[in-house]
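Welcome, and thanks for taking a look. Please open the model below and keep it in view while you read through the notes that follow.

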Amino acid sequence: MSCPSSQSGEQIEPLRYLSRVEAEAIEKELLEDYRFGRQQLIEIWGHASAMAVSKVFPLPSLPRKQPTVLVVCGPDQNGAIGLVCARHLRVFEYEPTIFYPKRSLNSLYRDFTTQCEKMDIPFLSYLPTEVQLINDAYNLVIDAILGADAEPGEVKEPYASILATLKQIRIPIISLDVPSGWDVETGNSEGISPDVLVSLAAPKQCATRFLGRHHLLAGRFLPYDVQKKYELNLPEYPGTDCVVSL
Amino acid sequence: RLLGARRGGAERGWMSGLRALLGLGLLVSSGSRLVAAAGGGRCPARRGPPAAAAWGRSASAMQSPGRSGVKFLSQEEAQAIDQELFTEYKFSVDQLMELAGLSCATAIAKAYPPSSFPNSPPTVLIVCGPGNNGGDGLVCARHLKMFGYEPTVHYPKRPGKALFEGLTTQCQKMDIPFLSEFPSEATLIDELYGLVVDAIFGFSFKGAVREPFGSILRTLEQVTVPIASIDIPSGWDVEKGNPDSIQPDMLISLTAPKKAAQHFAGRYHFLGGRFVPMALQQKYSLHLPPYPKTDCVLQLP
């Protein structure tokens with residue numbers, strides 16, 4: 001069945017948390033050996049992220065009258081995943097708004113932006129620094145700024161200021177793969193504290209420092225041989241779900 | 001629509017209509033459709049329970065039982081919508097094929113859960129054609145593997161494009177076997193597999209069936225295990241159907257059903273490919289019923 005090391009939902013072997021090197025190696029193997037396409041992977045991750053968001057915050061549970069969600073997208077792959085996530089949330093009848101201050105010049109990612117625009121998803125031209133405005137306008141914020149491939153060290157502008165704003169908001173933050181501003185292995189005690197972490201494919205080491213309410217695994221596509229090779233010991237996904245709570 | 005009622009109150013009218021229908025006993029759950037008597041590709045002996053009705057947020061409660069009110073597309077309309085998704089909306093074939101294949105695997109898992117198979121693990125034969133329908137089949141095979149099925153692929157004519165080569169490699173590296181020859185006897189297929197997925201021809205199909213697919217389809221007409229066709233039962237005219245070709249047990253219509261689906265007489269008709277933007281749905285008056293919650297498939301009456 002789907003995970004040789006777990007039976008009827010019980011973990012026998014502990015779940016593996018990946019180092020930066022391992023996370024990069026897995027992605028490289030998927031792209032070069034398994035010939036997954038990058039757009040394909042981003043679509044899989046973006047869709048699974050949207051499923052995770054809806055699992056934790058189903059439409060009827062949102063406090064505001066309108067199911068508004070703010071999606072903050074960074075310049076690289078994590079941002080592109082955020083764009084795809086926003087698009088699927090729109091299909092699920094949420095009302096996402098995107099803040100994408102530095103658009104990727106990568107032609108692969110440009111189309112993701114067009115798809116969102118053509119689906120009438122608004123793009124903010126600036127992020128209010130007035131935290132109350134964000135608290136009032138949105139039910140949740142999705143942090144798709146920086147991922148496991150982020151350069152270690154200080155976060156560059158405009159993201160440092162954006163993260164400083166996000167640190168103060170009171171509505172839930174959902175981080176995709178890695179909380180932005182955290183080192184992928186050691187985390188960041190000064191950084192944002194998301195409520196929800198959606199680990200893509202397999203969790204990274206910094207997830208051990210995650211203190212929020214929900215940690216989910218999303219993206220049910222990793223070949224069994226990859227799972228075995230890196231001893232991921234992923235839990236069993238229920239039915240045909242692509243998301244599982246950890 | 002349920003969401004409208006929840007939010008605005010303007011649609012409250014439909015809820016009392018719904019109660020009235022319930023009271024009159026006009027709302028029925030989706031029992032299994034009667035399987036047509038003659039022909040191949042059906043399994044008269046294995047009539048399992050119907051797939052769980054995907055009523056979810058009262059999708060079909062608003063429509064009369066029988067026909068969903070959904071539009072059935074002509075071949076031209078299907079091609080136009082496809083074109084618009086790629087040229088106007090800038091979707092890539094990679095993206096949509098991944099979502100389409102996932103829908104197919106999900107629908108199959110709903111209609112034919114592993115427990116319904118005589119063998120364990122549940123074995124599935126996926127026959128992939130030379131175009132995009134075949135690509136959908138490759139993606140479907142991979143997701144079926146993740147869902148715990150044991151897929152085997154037959155892919156006799158492969159386009160030399162990176163997309164299809166990539167999808168093939170993904171399957172092969174996931175230990176999904178590729179048959180070099182199609183089983184010559186229908187009885188062999190019946191023995192080895194609990195289900196056949198027809199991913200040969202899709203909505204672009206026109207004209208005569210070229211080999212080796214003619215022979216393959218003739219063999220499939222004789223199998224008794226269920227056949228699930230992706231988008232269009234292969235060998236059928238996309239609008240008029242074909243009573244002399246395979247008669248599948250399941251049809252997974254992608255984005256919207258085509259006119260051929262009006263001739264479909266199998267047990268399970270699912271809609272998949274939940275990515276058509278609302279503006280496009282409205283432009284072509286698709287009248288798609290709402291998908292339940294975040295499901296990527298919807299069972300049609």
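Let's begin with a residue in chain A: Ala218(A) sits in strand β9, which covers residues 214-218 of that chain. Please keep in mind that this is a predicted model.

**Ala218(A) and its surroundings**

- The relative accessible area of Ala218(A) is 0%, so this residue is buried.
- Which residues is Ala218(A) in contact with, leaving aside neighbours within four places in sequence? Ala48(A), Ser49(A) and Ala52(A) are on the list, and so are Val198(A), Ser199(A), Leu200(A) and Ala201(A). Tyr237(A), Cys242(A) and Val243(A) complete it.
- Ala218(A) and Ile44(A) are 174 residues apart in sequence, yet their C-alpha atoms are 9.2 Å apart in space.

**The loop between β8 and β9 of chain A**

- Ala201(A), one of the contacts of Ala218(A), belongs to the loop that runs between β8 and β9 of chain A.
- The phi angle of Ala201(A) is near 70 degrees, which is a positive value in a residue other than glycine.
- Is Ala201(A) buried or exposed? Its relative accessibility is 8%, so Ala201(A) counts as buried.
- Thr208(A) is also found in the loop between β8 (196-200) and β9 of chain A.
- With 52% relative accessibility, Thr208(A) is counted as exposed, because the cut-off for that class is over 50%.
- Along the chain, Thr208(A) and Thr186(A) are 22 residues apart, and 8.8 Å separates their C-alpha atoms.

**Other sites in chain A**

- Helix α4 of chain A, residues 107-118, contains Thr113(A).
- Thr113(A) has a relative accessible area of 7% and is therefore buried.
- Not counting residues up to four places away in sequence, Thr113(A) touches Leu83(A), Tyr100(A), Arg103(A) and Phe123(A).
- Glu157(A) and Pro158(A) are joined by a cis peptide bond, with omega at about 0 degrees.
- Pro158(A) has its place in the loop between β6 (140-144) and α6 (159-166) of chain A.

**Chain B as a whole**

- Nine helices and eight strands make up the list of such elements in chain B.
- Chain B has 301 residues, and 58% of them count as buried.
- Among the contacts in chain B with a separation of 6 or more, 72% come from residues 24 or more positions apart.

**Helix packing around α6 of chain B**

- Helix α4 (residues 93-111) of chain B packs with helix α6 (residues 162-173) of chain B at an angle of about 40 degrees, and their axes are 11 Å apart.
- α4(B) and α6(B) are therefore oblique to each other, and their crossing is right-handed.
- Which residues meet in this pair? Val93(B), Asp94(B) and Met97(B) come from α4(B), and Leu163(B), Phe164(B) and Leu167(B) come from α6(B). By type, the residues of this contact are five nonpolar, no polar and one charged.
- α6(B) also packs with helix α5 (residues 132-146) of chain B, here at an angle of about 25 degrees with the axes 9 Å apart. Angles under 35 degrees count as roughly parallel, so α5(B) is roughly parallel to α6(B).
- The crossing of α5(B) with α6(B) is left-handed. On the α5(B) side, the contact is made by Asn132(B), Gly135(B), Leu138(B), Val139(B), Ala141(B) and Arg142(B). On the α6(B) side, Phe164(B), Leu167(B), Thr168(B), Gln170(B) and Cys171(B) take part. These residues divide into six nonpolar, four polar and one charged.

- Ala80(B) is part of helix α3 (residues 75-87) of chain B, and its relative accessible area of 28% makes it partly exposed.
- Ala80(B) and Tyr284(B) are 204 residues apart in sequence, while the C-alpha to C-alpha distance is 9.6 Å.
- Lys90(B), in the loop between α3 and α4 of chain B, has a positive phi near 60 degrees although it is not glycine.
- Lys90(B) has 35% relative accessibility and so counts as partly exposed.
- A cis peptide bond links Ser120(B) to Pro121(B), with omega at about 0 degrees, and Pro121(B) lies in the loop between α4 and β1 (123-128) of chain B.

Note on methods: Residues are numbered from 1 along each chain as its sequence is written. Chains are lettered from A and ligands numbered from 1 in the order in which they are written. This is a predicted model: local features need pLDDT of at least 70, side-chain atom pairs count only at pLDDT 80 or more; totals for chains, interfaces and linings use all residues. Side-chain values use heavy atoms; hydrogens and water are left out. Helices (H or I, at least four residues) and strands (E, at least two) are DSSP runs, numbered from the N terminus. Buried means under 20% relative accessible area, exposed over 50%, partly exposed in between (1.4 Å probe, protein chains only). Contact means heavy atoms within 4.5 Å. Axes are lines fitted to C-alpha atoms, for helices over the stretch in contact, and angles run from 0 to 180 degrees between N-to-C directions. Angles under 35 degrees count as roughly parallel, over 145 as roughly antiparallel, 65 to 115 as roughly perpendicular and the rest as oblique. A crossing is left-handed if the near helix is turned anticlockwise from the far one by less than a right angle, and right-handed if clockwise. Ala, Val, Leu, Ile, Met, Phe, Trp, Tyr, Cys and Pro count as nonpolar, Asp, Glu, Lys and Arg as charged, and the others, Gly among them, as polar.
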